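Work through the exercises below with the model open. Each task is followed by a stepwise solution.

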Amino acid sequence: MEFSHRPVILEQTISSLDIKPNGIYLDGTAGGGGHSAEILKRLGIGRLICVDQDPDAIEILHEKFGSSENVSIVQSNFSEIKSIISELGIDKLDGVLLDIGVSSHQLDTAERGFSYHNDAPLDMRMSQSGVTAAELVNNLQFNELVHILSAYGEEKFAKNIARAIEREREKKKIETTLELAEIVKSAYPPAKRHDKHPARKTFQALRIAVNGELDRLSKGLDEAFESLRTDGRLSVITFHSLEDRIVKQRMAKWCEGCTCPKDFPICVCGNKPKAELIFRKPVEADEKEQEENPRSRSAKLRCCKKL
């Protein structure tokens, strides 16, 4: 099996982890092993833990790193970092990397149902288990559909799309990606159908809902940060504003110090920063990378160090 995933902002991401040869690092979204391979190159007697929830990714990770004594491969979600390292007998980590969102392999493998460019069962499950996108589309109430499309896709025409879905599923079940893409397109105002693909935000919203991505991101950030030793680093790559906002706000909270009113002569709250930012602003792909890899255009890297 091939698991195609081209790591974005690779050099800056690996540099941000400040890898120590004897350190313990966890790649929480190991995918095809691109970032993991670069981390492993910099380890001596250190240890690498590769985590992914996708069985396809786990298979290719075993092919790549299965013979390496200092690599552990775990099928799980990165939101379970504390239990993962506990089961491996590890107390603290020197660094955690999270590359959030759908992988190139998942997008490019039509039968996984993530893409609106190919006809396939409407699936979208990263772990290949649980509730599918088709089940959500065919069973959710109108208001629930509107909420998902608005909250997770920031879709302006959420009500139009939800109504169109209701109409179509009364005739027959909506089962494939192209069926849904056409329904979404029909719900869009004609003048807006030729901008970006009308189904883009709907597919993003359903994928996030199917996989519980935002809740898992929030939990995963906290578990990753709590699992770091002092001076350990957390590096996170996001691909859309919803994810980036969560990461930005969580890191800002950890970096927050004294909360006393500015006119207080001395601090009485006793609050101290738990972290410091490595980058004041997110790192983005340069023009060359964006040209060579269009999927890097929306990527943002944020990193903080635990104090």
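Buried means under 20% relative accessible area, exposed means over 50%, and partly exposed lies in between. The model used here is predicted.

**Exercise 1. Classify S79 as buried or exposed, then find what it touches.**

Solution. 
Step 1. Locate the residue. S79 sits in the loop between β3 and α4 (81-87).
Step 2. Apply the cut-off. The relative accessibility of S79 is 3%, so S79 counts as buried.
Step 3. List the contacts. Leaving out residues up to four places away in sequence, S79 touches R216, K219, G220 and E223.
Step 4. Compare sequence and space for one of these partners. S79 and G220 are 141 residues apart in sequence, yet their C-alpha atoms are 3.7 Å apart.

**Exercise 2. Examine the backbone angle phi at D18 and D231, and place each residue.**

Solution. 
Step 1. Recall the background. Most residues other than glycine have a negative phi.
Step 2. Read D18. Its phi is positive, about 50°, although D18 is not a glycine.
Step 3. D18 has 39%, so it counts as partly exposed.
Step 4. Read D231. Here phi is also positive, about 75°, and D231 is not a glycine.
Step 5. D231 has a relative accessible area of 41%, so it is partly exposed.

**Exercise 3. Describe the largest pocket: its volume, its lining and the helices that contribute.**

Solution. 
Step 1. Take the volume. The largest pocket holds about 1,000 Å³ of space.
Step 2. Find the residues at its centre. The lining has 31 residues, and L107, Y116, R200, F239 and S298 are the closest to the centre.
Step 3. Assign the lining to helices. α5 (104-108), α10 (200-211) and α12 (241-255) each give at least two residues. The largest share, five residues, comes from α10.
Step 4. Sort by class. Nine lining residues are nonpolar, twelve are polar and ten are charged.

**Exercise 4. Give the volume and lining of the second largest pocket.**

Solution. 
Step 1. The volume of the second largest pocket is about 190 Å³.
Step 2. Its lining consists of E155, K156, F157, Y188, K192, D195, K196, H197, P198, R200 and K201.
Step 3. By class, this lining has three nonpolar, one polar and seven charged residues.
Step 4. Look for a link to the largest pocket. R200 lines the second largest pocket, and R200 is also among the residues closest to the centre of the largest pocket.

**Exercise 5. How many cavities of 30 Å³ or more does the structure hold, and what lines the largest cavity?**

Solution. 
Step 1. Count. There are three cavities of 30 Å³ or more.
Step 2. Take the volume. The largest cavity contains about 280 Å³ of space.
Step 3. Read the lining. It has 21 residues, with T29, Q53, D99, G101 and M126 nearest the centre.
Step 4. Sort by class. Six residues are nonpolar, eleven are polar and four are charged.

**Exercise 6. Compare the radius of gyration of the protein with that of a compact globule, then summarise the whole chain.**

Solution. 
Step 1. For 307 residues, a compact globule would have a radius of gyration near 19 Å.
Step 2. Compare. The protein has 21 Å, which agrees.
Step 3. Along the principal axes, the C-alpha atoms fill a box of roughly 60 × 60 × 40 Å.
Step 4. Count the elements. The secondary structure comes to 13 helices and seven strands.
Step 5. Check burial. Of the 307 residues, 53% are buried.
Step 6. Check contact range. Of contacts between residues at least 6 apart in sequence, 67% join residues at least 24 apart.
Step 7. Finish with the surface. The protein exposes about 15,300 Å², and carbon and sulfur atoms supply 47% of that area.

Conventions:
Residues are numbered from 1 along each chain as its sequence is written. This is a predicted model: local features need pLDDT of at least 70, side-chain atom pairs count only at pLDDT 80 or more; totals for chains, interfaces and linings use all residues. Side-chain values use heavy atoms; hydrogens and water are left out. On a 1 Å grid over the protein atoms alone, a cavity is a set of points where a 1.4 Å probe fits but cannot get out, and a pocket is an open set with protein on both sides within 12 Å along at least five of seven lines; lining residues have an atom within 4 Å of a point. Grid points are joined across faces, edges and corners, and a volume is the space filled by probe spheres set on the points. Helices (H or I, at least four residues) and strands (E, at least two) are DSSP runs, numbered from the N terminus. Ala, Val, Leu, Ile, Met, Phe, Trp, Tyr, Cys and Pro count as nonpolar, Asp, Glu, Lys and Arg as charged, and the others, Gly among them, as polar. The radius of gyration is taken over C-alpha atoms; the globule rule is 2.2 Å times the number of residues to the power 0.38. Buried means under 20% relative accessible area, exposed over 50%, partly exposed in between (1.4 Å probe, protein chains only). Contact means heavy atoms within 4.5 Å. Accessible areas come from the Shrake-Rupley method with a 1.4 Å probe; for residues, only the protein chains shown count as cover.
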